[in-house]
Amino acid sequence: MTEDTPQKMEIEPTESQQDDGKKTKTHNSEHVNPSASAESAAEYPDMTLAQSIHRAILLFGPNPKLSPSMSTEKDDQELSTKLLGKIVEEMKNASLYRHLSPILQWNRLSEQELEDMDKENSQTMESLEEKVDQAKENAGDMEVLEARFEVARFAAKSLGKEEALAAYQKVLDLPKLSSGKQMDALMEQSRIASFYGDVVGNADYLKKIGKLAEESGDWDRRNRLKVYNALHKLSTRDIKGAASLLIDCIATFSCAELCSYTDFIVYTIISNVLHLPRMEIKKKIIDGPEIMSVREEVSTAFELVAALYDCDYKRYLHAMVEVEAILLGDRFLQPHCGYLMRELHVLGYKQFLDSYKSVTLDSMAKSFGVSVEFLDMQLSRFIAAGRLTAKIDKFGGVVETNRPDLKNAQYREMIQKGDLLLNRIQKLSRVVDV
């Protein structure tokens with residue numbers, strides 16, 4: 001199964017959903033106080049704004065992928081209007097308005113008004129640059145640094161991506177800049193790259209921060225760097241790598257400038273349910289004190305893990321349907337929605353089949369609350385792709401599991417790795433001979 005678009009599931013409603021039909025709670029409130037260095041992070045780029053832009057494009061863009069019926073936000077209908085007001089009135093960012101206006105069909109400002117906004121921003125930049133010059137002439141290095149940071153923060157707020165990155169580069173070019181301040185400036189550049197969806201640029205900034213952290217980074221900045229790296233790995237579909245970083249930072253989260261704590265918990269739950277062993281899921285997710293403290297606000301993601309752990313597969317698939325809306329509405333997870341839904345399907349089917357040597361399709365379909373036809377289609381595709389070690393007896397209507405021989409699997413793995421090693425040695429010998 002290689003496509004990224006998840007199939008719609010035919011699921012019968014559970015009794016609890018028939019009774020109340022309550023809407024899923026969202027995960028956008030803060031529950032954590034930022035650390036000292038996190039408090040010094042610039043207000044812009046606003047990553048909450050980036051999430052709102054993402055949702056608005058999915059809802060109102062030329063190719064909407066998130067229908068109002070799947071929305072988990074109460075104020076999504078007013079989202080485009082609120083975005084417009086923030087970008088025009090608060091940020092006065094003509095560049096961002098020009099980028100979004102054709103996508104969201106905004107026509108509030110004329111080109112002349114945008115040019116006037118650009119002119120006003122240019123005058124502000126000139127005034128801030130004069131403060132830098134005055135600090136160089138009349139003050140010390142700390143005052144120059146603060147003035148230069150002020151220029152960069154304004155650029156991140158009201159100018160475009162390239163101008164903002166260039167402004168922070170001028171901070172980095174200052175002489176006698178401490179490694180801590182270098183990391184702060186690079187983290188701001190990383191946020192700018194992430195805000196504009198520049199995955200390659202973000203990776204470069206994170207590498208630079210990582211080198212500085214190895215040399216002289218303090219504990220707090222190293223801890224924050226883990227979260228930056230985790231979200232970057234999420235955006236590049238390294239779910240396993242992101243999962244280990246996220247679970248490590250769950251008790252010491254201090255990146256309120258990057259995402260909300262409840263968003264962070266949702267990322268942690270969804271990524272780790274695919275990779276943590278069952279006992280670790282119980283210890284770190286279901287009974288984890290940090291997750292329990294915000295359980296009501298991440299109820300959809302928590303329900304997914306709890307249903308899987310309880311082997312309530314009908315409830316598990318219902319939770320998957322609700323989780324899909326969260327995946328689509330999140331800028332880090334949406335590009336991988338199809339992949340994540342597919343992996344969650346495989347996880348549920350594999351756990352169920354591991355308990356049986358053989359089981360009828362009808363019994364399994366009832367356990368998952370789906371039709372036999374839908375289950376047969378899904379299982380056959382996962383088996384053909386090598387994701388499930390089972391076979392379907394269509395005539396008898398039975399699924400038979402084939403537990404692989406561990407010794408044979410290890411032998412095959414050793415042969416494959418041996419072949420790969422020999423190929424590399426041969427390539428190296430050719431280079432040496434030349």
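**Figure 1. Arginine 387 and its salt-bridge partner.** Arginine 387 has a relative accessibility of 34% and therefore counts as partly exposed, in a model that is predicted. Its side chain meets that of glutamate 343 in a salt bridge, with a separation of 2.7 Å from N to O. The two residues are 44 apart in the chain, and the pair links distant parts of it: arginine 387 belongs to the loop between helix H20 (372–384) and strand S2 (390–393), whereas glutamate 343 belongs to helix H18. Glutamate 343 has a relative accessible area of 14% and is buried, because the cut-off for a buried residue is under 20% relative accessible area.

Figure 2. The side chains of arginine 221 and aspartate 184 come together in a salt bridge at 3.0 Å, N to O. This pair, too, links distant parts of the chain, with arginine 221 placed in helix H11 (residues 219–235) and aspartate 184 in helix H9, 37 residues apart. Arginine 221 counts as buried because its relative accessibility is 13%, and aspartate 184 is likewise buried, with a relative accessible area of 10%.

Figure 3. Glu303, Asp310, Asp312 and Arg315 are linked in a network of salt bridges. Within this group, the side chains of arginine 315 and glutamate 303 meet at 2.4 Å, N to O. Since arginine 315 lies in helix H17 and glutamate 303 in helix H16, the pair ties together parts that are 12 residues apart in sequence. Arginine 315 counts as partly exposed at 21% relative accessibility, and glutamate 303 is also partly exposed, with a relative accessible area of 29%. The structure as a whole holds 27 salt bridges.

**Figure 4. The enclosed helix H16.** Helix H16 (residues 299–309) is largely enclosed by the rest of the structure, because nine of its 11 residues are buried. The buried residues are Thr300, Ala301, Phe302, Leu304, Val305, Ala306, Ala307, Leu308 and Tyr309. Their cover includes helix H13 (261–273), helix H14 (278–286), helix H15 (289–293), helix H17 (313–329) and helix H18 (337–353). Just after H16, cysteine 311 takes a positive phi of about 60°.

**Figure 5. Helix H8 and the helices that its buried residues meet.** Helix H8 (residues 161–172) consists of 12 residues and spans 17 Å from its first C-alpha to its last, close to the 16 Å expected at 1.5 Å a residue. Among its residues, Ala164, Leu165, Ala167, Tyr168, Val171 and Leu172 are buried. The buried residues of H8 pack against helix H7 (141–158), helix H9 (179–195) and helix H10 (199–216).

**Figure 6. Cysteine 337 in helix H18.** Cysteine 337 lies in helix H18 and is buried, with a relative accessible area of 3%. Alanine 325 is 12 residues away from cysteine 337 in sequence, and the two are 9.3 Å apart in space, C-alpha to C-alpha. Helix H18 also holds glutamate 343, the partner of arginine 387 in Figure 1, and is among the helices that cover the buried residues of H16.

**Figure 7. A nonpolar surface patch that includes isoleucine 415.** Tyr411, Met414 and Ile415 form a nonpolar patch on the surface, and together they have about 330 Å² of accessible area. Isoleucine 415 is placed in helix H21 (residues 406–433) and, at 38% relative accessibility, counts as partly exposed.

**Figure 8. The whole protein, as context for the close-up views.** The protein has 21 helices and three strands, and 49% of its 434 residues count as buried. When contacts between residues at least 6 apart in sequence are considered, 64% of them join residues at least 24 apart. The accessible surface of the protein comes to about 22,600 Å², and 51% of that surface belongs to carbon and sulfur atoms.

Definitions and conventions. Residues are numbered from 1 along each chain as its sequence is written. This is a predicted model: local features need pLDDT of at least 70, side-chain atom pairs count only at pLDDT 80 or more; totals for chains, interfaces and linings use all residues. Side-chain values use heavy atoms; hydrogens and water are left out. Patches are made of residues with over 30% relative accessible area and no salt bridge: like charges are joined within 9 Å, nonpolar side chains (Val, Leu, Ile, Met, Phe, Trp, Tyr) within 5 Å. Accessible areas come from the Shrake-Rupley method with a 1.4 Å probe; for residues, only the protein chains shown count as cover. A salt bridge is a side-chain nitrogen of Lys or Arg within 4 Å of a carboxyl oxygen of Asp or Glu. Helices (H or I, at least four residues) and strands (E, at least two) are DSSP runs, numbered from the N terminus. Buried means under 20% relative accessible area, exposed over 50%, partly exposed in between (1.4 Å probe, protein chains only). The expected span of a helix is 1.5 Å times one less than its number of residues. Contact means heavy atoms within 4.5 Å.
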